Amino acid sequence: MTEPSGSRSSPSGMLSADSISMSEEVRDYVFENSRRYHKYSEGRYHFPNDDAEQEREDMQHAMVMLMCDGKLHYAPLDNPQSVLDIGTGTGIWAIDMGDEYPEAEILGIDLSPIQPLWVPRNVQFLVDNIEEEWVQPERSLDYIHARQMAPTIRDWPRIIAEAYKALKPGGWLEIQDLKCVVQCDNDTMLENDHCALYAATLARALDGLDIHCIQSVESYPRWLREAGFIHVREVVLKAPIGTWSTDPHQAKIGLYNRNMIYDGLHGFSIRPFTHGLGWTPEEVEVYLVDVRKALLNSTAHIYLPFHSVYAQKPHDPGAKRSR
């Protein structure tokens with residue numbers, strides 16, 4: 001086992017028994033329907049990791065930062081020293097976090113070794129399957145962050161329990177997700193809205209892969225309380241789809257969001273629909289034609305709910321749980 005990438009050794013140890021550092025042995029990929037996927041723990045993650053997907057992930061980060069007024073987190077952190085980013089993707093959040101907290105050690109983990117080599121000195125990346133048993137030292141982390149992992153994780157209560165053990169007393173866990181449900185607060189969305197039907201179809205495809213993304217987002221607060229966390233808080237925002245808002249800031253968020261979804265449609269769909277619904281690749285391509293048209297031409301005031309749920313591990317393990 002070699003060290004994680006970066007110029008310092010990791011302060012918090014490896015994450016799971018299957019952790020593999022950024023060496024050549026994991027810089028391998030599999031290809032399916034013209035898209036590139038991770039080789040390590042093959043099949044665990046149903047979305048691509050190729051250049052087009054990396055650009056979409058960075059656009060998503062820009063959209064979330066715009067929506068959250070530049071906040072990297074909502075948890076009230078106080079001089080964190082050890083931070084873990086679950087499902088770091090391109091590593092852009094971890095890198096920004098390293099810049100914002102130069103005294104903290106930031107470790108980003110992912111199944112794909114797609115992160116840049118040149119990063120701040122306090123940022124490192126590791127290839128790891130977070131759904132395997134963690135060997136992270138107990139009480140070693142100040143903050144754990146996970147964004148847009150609802151379409152990925154099958155057993156959230158287990159992940160939350162592992163995070164609880166790995167956090168120091170007083171540490172924070174924050175989970176952020178766009179909920180896979182298109183909503184509208186007025187009568188501008190038709191019953192057969194293609195964007196809304198697409199989101200429902202994607203959620204159904206993930207259900208077929210034993211990933212229940214909508215139920216997960218709705219269950220985060222309860223699962224955190226059941227695991228023993230206190231001070232459970234939830235911030236819910238609206239991510240417009242398109243430029244329909246009369247508020248310039250919201251319209252810009254909507255532009256980013258629409259472009260992010262448009263660019264990601266094939267990657268979002270091709271594996272979940274073929275593996276989870278049994279569609280052929282040709283059926284997926286034909287289906288997405290109308291979805292793309294709807295995204296570009298829709299005048300409906302539609303949006304995706306964005307949930308940020310954060311909670312604290314008690315300073316006193318025997319502290320009463322929040323309700």
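Among contacts in the chain between residues at least 6 apart in sequence, 74% join residues that are at least 24 apart, where a contact means heavy atoms within 4.5 Å. This is a predicted model, in which local features need pLDDT of at least 70 and side-chain atom pairs count only at pLDDT 80 or more, while totals for chains, interfaces and linings use all residues. Residues are numbered from 1 along each chain as its sequence is written, and side-chain values use heavy atoms, with hydrogens and water left out.

**Overall picture**

- The chain has 7 helices and 10 strands; helices (H or I, at least four residues) and strands (E, at least two) are DSSP runs, numbered from the N terminus.
- Of the 323 residues of the chain, 57% count as buried, a word that stands for under 20% relative accessible area, with exposed meaning over 50% and partly exposed lying in between (1.4 Å probe, protein chains only).
- The mean pLDDT of the chain is 90, and 88% of the residues reach 70 or more, pLDDT being the predictor's confidence in each residue, from 0 to 100.
- Over residues 1-12, by contrast, the pLDDT is below 50, although this stretch has 36 contacts in the model beyond near neighbours in sequence.

**Helix H1 against helix H6**

- Two packed helices are described by the angle between their axes and the distance between the axes; here, axes are lines fitted to C-alpha atoms, for helices over the stretch in contact, and angles run from 0 to 180 degrees between N-to-C directions.
- Helix H1 (residues 51-67) packs with helix H6 (residues 248-276) at an angle of about 155 degrees, and their axes are 9 Å apart.
- That angle makes H1 roughly antiparallel to H6, because angles under 35 degrees count as roughly parallel, over 145 as roughly antiparallel, 65 to 115 as roughly perpendicular and the rest as oblique.
- H1 passes H6 in a left-handed crossing; a crossing is left-handed if the near helix is turned anticlockwise from the far one by less than a right angle, and right-handed if clockwise.
- The residues of this contact of H1 with H6 divide into 9 nonpolar, 4 polar and 2 charged, where Ala, Val, Leu, Ile, Met, Phe, Trp, Tyr, Cys and Pro count as nonpolar, Asp, Glu, Lys and Arg as charged, and the others, Gly among them, as polar.
- Met59 lies in helix H1 and, leaving aside neighbours within four places in sequence, Met59 is in contact with Tyr256 and Met260.
- Met59 counts as partly exposed, at 27% relative accessibility, and the C-alpha atoms of Met59 and Asp263, which are 204 residues apart along the chain, are separated by 9.6 Å.

**Helix H6 against helix H7**

- The axes of H6 and helix H7 (residues 281-297) come within 10 Å and cross at roughly 160 degrees, and the two helices are therefore roughly antiparallel to each other.
- The crossing of H6 and H7 is right-handed, and by class their contact has 12 nonpolar, 3 polar and 3 charged residues.

**Helix H3 against helix H5**

- Helix H3 (residues 156-166) and helix H5 (residues 213-227) have axes 10 Å apart and pack at an angle of about 40 degrees, so H3 and H5 are oblique to each other.
- H3 passes H5 in a right-handed crossing.
- On the H3 side, Trp156, Pro157, Ile160 and Tyr164 meet Ser216, Tyr220, Trp223, Leu224 and Ala227 in H5, and these residues divide into 8 nonpolar, 1 polar and no charged.

- In helix H2 (residues 92-100), the residues Trp93, Ala94, Ile95, Met97 and Gly98 are buried, and the buried residues of H2 pack against H1, strand S3 (82-86), strand S4 (105-110), strand S5 (123-127) and strand S6 (141-147).
- Ala203 is found in helix H4 (residues 194-207) and counts as buried at 7% relative accessibility.
- Leaving aside neighbours within four places in sequence, Ala203 is in contact with Cys180, Cys213 and Ile214.
- Ala203 and Pro151 are 52 residues apart in sequence and 8.3 Å apart in space, C-alpha to C-alpha.

**Positive phi values**

- Most residues other than glycine have a negative phi.
- Gln148, placed in the loop between S6 and H3, has a positive phi near 55 degrees.
- His231, placed in strand S9 (residues 230-240), has a positive phi of about 50 degrees although it is not a glycine, and His231 is partly exposed, with a relative accessible area of 36%.
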